[in-house]
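Okay, thanks everyone, I'll keep this short. Let me put the structure up, and then we'll go through one interface and one residue.

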2 protein chains.
Amino acid sequence: MDRVAIIGASMTRFGDREAWIRELLAEAGAACLEDAGVSPDELEHLYVSNMASGEFEGQTGVVNALAHDLSALPAYTQRIDQTSSSGGAGVYAAWQSVASGASEMTLLVGGEKMTHRSTAEATDVIASLTHPVEYKHGVTLPSFAGLTARLYLHEYDAPRESLGKVAVKNHRNGVDNPHAQFRKEVDLETVLESPIVADPLRLYDFCPITDGSAALLFCPESIARERGLDHVVVSGIGGATDTHVVHERDDPTTMRGVVESSEIAYQMADRTPDDVDVAELHDMFTILEFLQSEDLGFFQKGKGWRAVEEGVTDRGGEIPINTSGGLKSKGHPLGASGVAQVYEIYTQLLGEAGNRQVDADVGLACNVGGFGNCVTTTIMEAGDV
Amino acid sequence: MDRVAIIGASMTRFGDREAWIRELLAEAGAACLEDAGVSPDELEHLYVSNMASGEFEGQTGVVNALAHDLSALPAYTQRIDQTSSSGGAGVYAAWQSVASGASEMTLLVGGEKMTHRSTAEATDVIASLTHPVEYKHGVTLPSFAGLTARLYLHEYDAPRESLGKVAVKNHRNGVDNPHAQFRKEVDLETVLESPIVADPLRLYDFCPITDGSAALLFCPESIARERGLDHVVVSGIGGATDTHVVHERDDPTTMRGVVESSEIAYQMADRTPDDVDVAELHDMFTILEFLQSEDLGFFQKGKGWRAVEEGVTDRGGEIPINTSGGLKSKGHPLGASGVAQVYEIYTQLLGEAGNRQVDADVGLACNVGGFGNCVTTTIMEAGDV
């Protein structure tokens with residue numbers, strides 16, 4: 001079967017942007033088409049990953065606006081929402097559109113515009129994704145993170161400092177990412193002395209609120225070859241849910257959605273965790289990088305924190321994680337993040353990552369919706385031109 | 001290639017429901033699984049079509065809540081939004097999930113909860129799907145409908161009464177639909193003397209605001225056969241956009257999205273308009289039934305109104321349209337409507353439509369997003385057991 005290729009990728013600068021969602025989507029979408037040298041009238045499907053443009057700025061139908069702004073008519077359009085993993089869900093939807101034969105040229109643009117709302121307002125919109133039984137008690141995602149971090153440190157005898165080192169590493173990587181929201185190093189002391197948000201987690205354990213957009217262009221690999229285009233292929237992809245009521249989980253330090261979605265992706269790609277050379281994980285909170293690195297099979301349960309301590313996940317380490325700076329320093333515009341993860345892997349596999357470049361033939365992106373309520377895992381490899 | 005089959009279908013009662021979106025989705029989803037005799041743990045993908053649960057009731061992540069309520073873990077979940085054609089977009093997404101090989105059992109549940117909001121509030125949420133250049137001038141979908149109706153009557157020498165006869169026909173059909181919001185006949189005089197909403201259109205030219213949900217279960221046809229299940233197959237499906245700025249259209253009485261999406265669907269199904277025995281069209285406004293019946297190729301341009309006058313689209317006519325009662329009498333819970341259209345065709349093709357039953361081997365559903373900004377067309381045929 002013809003594999004699904006990614007032939008173009010782009011992302012806007014992430015951060016506090018003086019632009020509305022429509023403008024952000026158009027900026028990334030147009031740049032992606034230009035990157036691939038594909039004309040908008042060649043598009044058959046156009047997808048937007050976005051969680052909440054209606055709630056954040058009272059604007060819906062943004063994918064139809066994007067079709068207008070890119071002159072992509074009569075391309076079929078659709079918005080995909082899977083809360084904070086809308087981007088990964090969009091990658092899966094775009095993959096399906098090509099793999100099913102429905103489209104031979106699908107542009108996916110993920111984006112979110114959030115910074116015009118207060119942190120409290122934005123946090124409340126995000127919290128509305130949780131089960132009502134938890135939401136009505138005021139439980140937010142940061143509070144789940146604090147509880148889980150406390151349990152993890154206790155169960156696996158991990159020092160508090162190890163969490164801080166995730167933030168230090170990802171900020172260091174972000175310095176070399178021209179699109180990142182924060183391009184500055186932070187030292188461990190700064191992280192550990194920042195204000196408490198959800199004990200034991202502090203401000204620097206959390207990703208910021210961000211505006212931004214990212215885009216990917218998908219087609220059958222045969223078309224990428226015909227056109228002689230550099231490309232990566234999606235060799236494995238899968239998605240899976242965990243309990244929507246977070247307190248029902250048997251072991252809150254295991255994200256079943258990560259385990260199950262990666263099993264599907266590994267099997268499809270005929271790969272094992274050992275084959276993965278570089279990974280973008282969903283470090284919305286520092287603790288999540290530990291959980292995912294274990295649940296994806298990179299490290300044994302309870303050993304993820306040691307890998308960070310030992311530099312295994314640094315750019316020079318055995319399996320670099322979040323070379324982009326991660327959500328932590330790059331920022332987390334909800335609908336864009338999963339798309340931007342794939343952008344980073346695409347860039348690494350094609351050797352275009354500049355100062356961030358690592359040696360990689362196989363890359364993986366893991367995008368977490370809610371507190372792991374639904375997760376997508378995507379495995380990519382450089383394609384043969 | 002193995003075709004995609006629909007092996008189960010359900011819908012809740014449409015109307016003013018004392019239930020939130022979560023409850024409505026769960027009601028339809030559970031009934032659909034029961035209809036097919038499939039267990040929730042067999043589900044691989046679970047999709048929800050919904051435009052605006054966040055805007056209407058401050059609840060997002062509803063598809064993850066549904067996975068919880070149906071005990072469908074670890075099925076992958078995703079929400080699909082394409083404004084008022086979210087249901088049709090969901091059908092396309094579910095079709096892609098099976099046709100791509102990503103899932104062998106996909107449940108799609110469409111739903112919307114709207115009646116707890118005032119008509120003005122609901123209309124504003126819907127209007128937020130239009131291009132900002134039109135929205136800021138206060139243009140709503142009903143106003144587009146009024147302008148288009150006036151132009152159509154003028155261009156094609158159609159009497160005002162012909163529009164009213166769409167409402168009369170669809171209300172008559174709705175009487176026999178136990179799920180319909182309005183199960184009462186209306187006479188032409190009542191329609192023509194109802195309050196003006198957007199001249200020349202009056203209250204009875206418009207669908208109501210509705211709560212409700214509908215569901216469909218998709219799998220490869222080979223699995224439907226193995227299990228000996230009655231089923232229909234999706235023989236053709238396509239989607240297409242028209243200008244997002246409605247006033248940019250060369251001819252506002254032609255919906256390019258209907259023309260283009262149906263061309264894709266007819267070609268895939270190897271069918272022509274003449275082959276279609278029964279159709280569900282998106283009669284959010286009476287004028288839209290004329291436009292679609294022409295743009296789908298059932299009637300020549302400007303002749304759709306005559307077909308209604310002559311009874312061609314009645315249950316006993318050559319091509320019955322909206323045997324379900326249409327959006328007009330059945331109601332229009334945004335994310336559910338496109339799913340409920342396919343439910344009606346499924347029911348007709350399997351001979352399970354009771355008093356509404358017509359003689360049909362090939363059926364078509366056309367779901368319109370916004371004012372034709374994006375449209376999906378689905379062609380279905382009874383499968384071989």
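Before I talk about domains: the bounds I'm using come from an automatic or database domain assignment. And keep in mind that this is a predicted model.

So, chain A. The assignment divides chain A into domain 1, which is 4–117 + 210–232, and domain 2, which is 126–209 + 235–382. Their C-alpha centres sit 23 Å apart. How many residues go into the contact? Domain 1 of chain A puts in 43 and domain 2 of chain A puts in 38.

Between them, the two domains of chain A bury about 3100 Å², with 73% of that on carbon and sulfur atoms. For polar contacts, we count 10 residue pairs between domain 1 and domain 2 of chain A, both partners at pLDDT 80 or more. Salt bridges across that interface: 0 by the rule.

Now look at the domain 1 side in chain A. The elements giving two or more residues there are β1 (4–11), α4 (86–99), β4 (106–112) and β7 (212–220). Which one gives the most? That's α4(A), with 7 residues. By type, that side of domain 1 of chain A splits into 17 nonpolar, 20 polar and 6 charged residues.

Okay, over to chain B, and one serine. B:Ser194 is in the loop between α9 (188–192) and β5 (196–198) of chain B. Buried or exposed? B:Ser194 comes out at 5% relative accessible area, and the cut-off for buried is under 20%, so we call it buried. Leaving out residues up to four places away in sequence, B:Ser194 touches B:Arg202, B:Leu203 and B:Tyr204. With B:Leu203, the B:Ser194 side chain reaches the backbone nitrogen at 3.4 Å.

Definitions and conventions. Residues are numbered from 1 along each chain as its sequence is written. Chains are lettered from A and ligands numbered from 1 in the order in which they are written. This is a predicted model: local features need pLDDT of at least 70, side-chain atom pairs count only at pLDDT 80 or more; totals for chains, interfaces and linings use all residues. Side-chain values use heavy atoms; hydrogens and water are left out. Helices (H or I, at least four residues) and strands (E, at least two) are DSSP runs, numbered from the N terminus. Buried means under 20% relative accessible area, exposed over 50%, partly exposed in between (1.4 Å probe, protein chains only). A polar contact is a pair of N or O atoms within 3.5 Å; within protein, one must be able to donate a hydrogen and the other to accept it, and residues adjacent in sequence count only if both atoms are side-chain atoms. Contact means heavy atoms within 4.5 Å. Buried area is the accessible area (1.4 Å probe) that two parts lose on being put together, summed over both. A salt bridge is a side-chain nitrogen of Lys or Arg within 4 Å of a carboxyl oxygen of Asp or Glu. Ala, Val, Leu, Ile, Met, Phe, Trp, Tyr, Cys and Pro count as nonpolar, Asp, Glu, Lys and Arg as charged, and the others, Gly among them, as polar.
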